[in-house]
Amino acid sequence: MTNAIKETNFKLPGQKGFYKGKVRDVYIFENELIVVASDRISAFDVVLPKPIPYKGQVLNQIAAKFLKATSNIVPNWVTSTPDPNVTIGKRCEPFKVEMVIRGYLAGHAAREYKAGKRILCGVAMPEGMKENDAFPEPIITPTTKADQGHDEDISKEAILSKGIVSPEDYAVLEKYTRALFKRGQEMASEMGLIMVDTKYEFGKFGDQILLIDEIHTPDSSRYFYAEGYEENQKNNLPQKQLSKEFVRQWLISNGFQGKDGQSVPEMTHEIVESISDRYIELFEKITGEVFQKADTSIIEKRIEKAILNHLK
């Protein structure tokens, strides 16, 4: 079994704090953040018990590629990626919302639609849609950014009336979100994929609004294969997906949706390996590049050495 990194606990020179997210370990410095993409995997806001080999590398390298590819339309937080699992960048003050944008009626939106709802986060969804149909134009359906527990749907109106984001800043977040999604859809199309929906997070560094966190990864985005899409829609068949949805579906089929009293099904060696293989497949399909497995024999030492070299 390949080594996987479940968590890190480095004590770094100049470190001011530490934050452990669902997937990332964040080392906080005066003006910068050092973010380690672990191999933890979460679904339904629950971190599953076993890490997935190479998952952190996959996510970190996809995000690095797309952050670089979109930096000419939206400025971002990254200053360097000294290791396959590490990103270093400006320490921003994050906005307390996630900007979710949806081009298609899929996932959470489809589940809400099926339940009879036609308004999502204050945005109207047209009548007569089928699951996985394209919206007439992409809709922005923000969520609150929860430190603990579940992120909650929220409308633009509520964000502004509660003063979570100022009207001026929110206008910039909306503009950036639409521009990033357009670029993401174009890049996906070149790879024979459809970018269905995604989420973006933003923060402020001084007065400047920057794109933060990862973008266009299978953890933050949903992709369909373009080939067969129309045919599947016509015949009411499910779409072939490139996203973390396969993990959610495995959990659902084993009676787990993160609800009280439910237990995570056993993650066998075979399940862990198959999830790892799927993440590598996702990397290659999304980027068009061959995945180069980093040396995992002493993964923590490798990561720590790269960080310490940067800090010198």
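A: Here is a short chat about salt bridges and a helix.

A: This is a predicted model, where local features need pLDDT of at least 70, side-chain atom pairs count only at pLDDT 80 or more, and totals for chains, interfaces and linings use all residues. Residues are numbered from 1 along each chain as its sequence is written, and side-chain values use heavy atoms, with hydrogens and water left out.

Q: How many salt bridges does the count come to?

A: The count comes to 22 salt bridges. A salt bridge here is a side-chain nitrogen of Lys or Arg within 4 Å of a carboxyl oxygen of Asp or Glu.

Q: Why do side chains pair like that?

A: Opposite charges can pair when the charged atoms come close.

Q: OK, what does Glu214 form a salt bridge with?

A: Arg24. The closest N and O atoms of Glu214 and Arg24 are 2.2 Å apart.

Q: And where do the two sit in the chain?

A: In distant parts, 190 residues apart. Glu214 is in the loop between β15 (208-212) and β16, while Arg24 is in strand β2 (residues 24-28). Strands (E, at least two residues) and helices (H or I, at least four) are DSSP runs, numbered from the N terminus.

Q: Is Glu214 buried or exposed?

A: Glu214 is buried, at 6% relative accessible area. Arg24 is buried too, at 16%. Buried means under 20% relative accessible area, exposed means over 50%, and partly exposed is in between (1.4 Å probe, protein chains only).

Q: What about Lys182, which residue does it form a salt bridge with?

A: Lys182 pairs with Glu186, and their closest N and O atoms are 3.2 Å apart. They are 4 residues apart in helix α4 (residues 167-190), so about one helical turn separates them. Lys182 is exposed at 53%, and Glu186 is partly exposed at 38%.

Q: And Lys117, which partner does it have?

A: Glu112, with the closest N and O atoms 3.0 Å apart. Lys117 is partly exposed at 40%, whereas Glu112 is buried at 18%.

Q: Which residues are linked in a network of salt bridges?

A: Glu98, Lys145, Lys199 and Glu201 are linked that way.

Q: New topic. Which residues in helix α6 are buried?

A: Helix α6 covers residues 245-253, and Glu245, Phe246, Val247, Arg248, Trp250 and Leu251 are buried there.

Q: What do they pack against?

A: The buried residues of α6 pack against β4 (42-43), α2 (107-114), β16 (221-225), β17 (241-242) and α7 (269-287).

Q: And what comes just after α6?

A: Gly255, which takes a positive phi of about 80°.

Conventions
Contact means heavy atoms within 4.5 Å.
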